[in-house]
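Hello,

Here is the structure I promised to pass on. My notes follow below it.

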Amino acid sequence: MQKTNVTRIGVLTGGGDCPGLNAVIRAVVKTGIFEYGMEVVGIEDGYLGLIQDRMHALEPQEVSNILTVGGTILGACNKANPAEYAVREAGRWVKRDVTEEVIEHCRGRGLEALIVIGGDGTMAGAHHLIRHGLNIVGVPKTIDNDLPETDVTFGHDTAVATATEALDKVHTTASSHHRVMVVEVMGRYAGWLALRAGVASGADVILIPEIPFRMEAVIDKCLHRSRHGKRFTLIAAGEGAHPVGEEMIVDHVDETSPDPIRLGGVGRYVAEEVEKRCGLESRSIVLGHVQRGGTPTPFDRVLATVLAHHAVELAAAGRFGELVVFKEGKVSSVPIERIAGKIKTVPLDEPLLRAARAVGTSFGDEPV
Ligand code: F6P
């Protein structure tokens with residue numbers, strides 16, 4: 001047993017869920033209890049459980065057999081940032097700062113440190129709580145892979161695999177029916193998911209938010225293929241992709257969320273424009289939340305486990321305010337404040353963009 005002054009820690013899964021969260025919870029609980037003799041408390045539904053004081057002790061048997069299971073046994077919530085918690089007052093939503101309640105609940109439960117698993121919104125919330133005196137270690141998660149300072153977040157690899165499998169399936173029906181098929185994938189303001197799944201499935205066109213597209217260039221590519229005996233075109237579109245000079249397409253606004261914009265609709269837009277402007281029969285598919293579910297890949301399970309283990313090591317050593325990261329093949333950590341409020345998009349000199357262009361992929365920005 002390793003020595004530590006920290007005897008009780010809490011763990012929560014904030015923001016949207018993703019494959020690998022249970023693998024982190026399992027490793028936090030087992031490392032905390034077996035290596036350090038800590039008590040580990042599971043906080044329910046992300047920050048909502050801290051706000052509403054809903055939490056329970058986690059024992060090793062509760063985390064047995066969850067390594068391979070998608071979702072989170074603790075529940076998740078992407079609406080409950082303690083600094084701006086939406087409550088209904090006089091028929092309308094108002095944002096309240098409930099930080100004091102959260103601190104009180106942590107004190108009341110004897111939590112000396114929190115392991116906070118989440119993406120950019122959750123880490124912004126963690127940064128806020130750290131400034132108010134809570135001891136926090138962050139673990140980065142998101143299928144979008146848009147957190148700075150870490151080469152990859154767990155959940156992303158599984159989502160890429162899911163999106164690739166879907167694109168592969170759409171590929172065969174596109175080919176049979178000689179259609180243009182547009183598959184819209186998640187990723188928010190970053191194109192990592194669309195780019196990697198698009199390259200993995202050999203998509204003919206990949207549209208990402210970082211490279212605004214021209215419909216003429218997309219159509220040009222479809223027509224070029226059809227003139228050269230390829231009677232179908234497979235398009236992978238990130239939900240944040242948008243035409244040059246236009247805004248991203250918003251599906252809806254969720255005013256109860258600290259991050260209210262939900263993107264969606266670009267796949268349909270592209271398919272309709274292709275059919276309208278050049279007559280090629282087109283269809284669109286939105287993959288949606290299927291990308292957030294399922295069994296994590298071996299890569300994500302391993303990444304989740306090593307990040308969780310290091311997070312508990314940091315908490316045990318009293319090294320709070322840090323985010324564990326995976327950089328250049330190594331697990332390390334950076335101050336959470338360094339990434340709070342920032343996202344990592346695909347840089348225009350990303351080598352995968354060059355490789356994709358070299359094998360004939362269009363990004364809808366240049367003529368064929
Ligand atoms: O950040 C993860 C993510 O799945 C994004 O890719 C997507 O835009 C968003 O969350 C969807 O959020 P919600 O689950 O609230 O619909």
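On one side of helix H3, Glu100, Arg107 and Gly108 are exposed (over 50% relative accessible area, with a 1.4 Å probe and protein chains only; buried means under 20%). This is a predicted model, where local features need pLDDT of at least 70, side-chain atom pairs count only at pLDDT 80 or more, and totals for chains, interfaces and linings use all residues. Residues are numbered from 1 along each chain as its sequence is written, and side-chain values use heavy atoms, leaving out hydrogens and water.

H3 spans residues 99-108, and its buried residues are Thr99, Val102, Ile103, His105 and Cys106. They share the same side of H3, because they cover an arc of only 160° around the axis (taken from the directions from the helix axis to the C-beta atoms). Their cover includes helix H2 (47-51), strand S6 (113-118) and helix H4 (120-131). Just after H3, Gly110 has a positive phi of about 70°.

Now the helix pair. The axes of H1 (residues 21-36) and H9 (residues 298-316) come within 8 Å and cross at roughly 40°. Axes are lines fitted to C-alpha atoms, for helices over the stretch in contact, and angles run from 0 to 180 degrees between N-to-C directions. Contact means heavy atoms within 4.5 Å. On the H1 side, the contact residues include Ala23, Ala27 and Thr31; on the H9 side, they include Arg301, Ala304 and Ala308.

Best wishes

Key
Helices (H or I, at least four residues) and strands (E, at least two) are DSSP runs, numbered from the N terminus.
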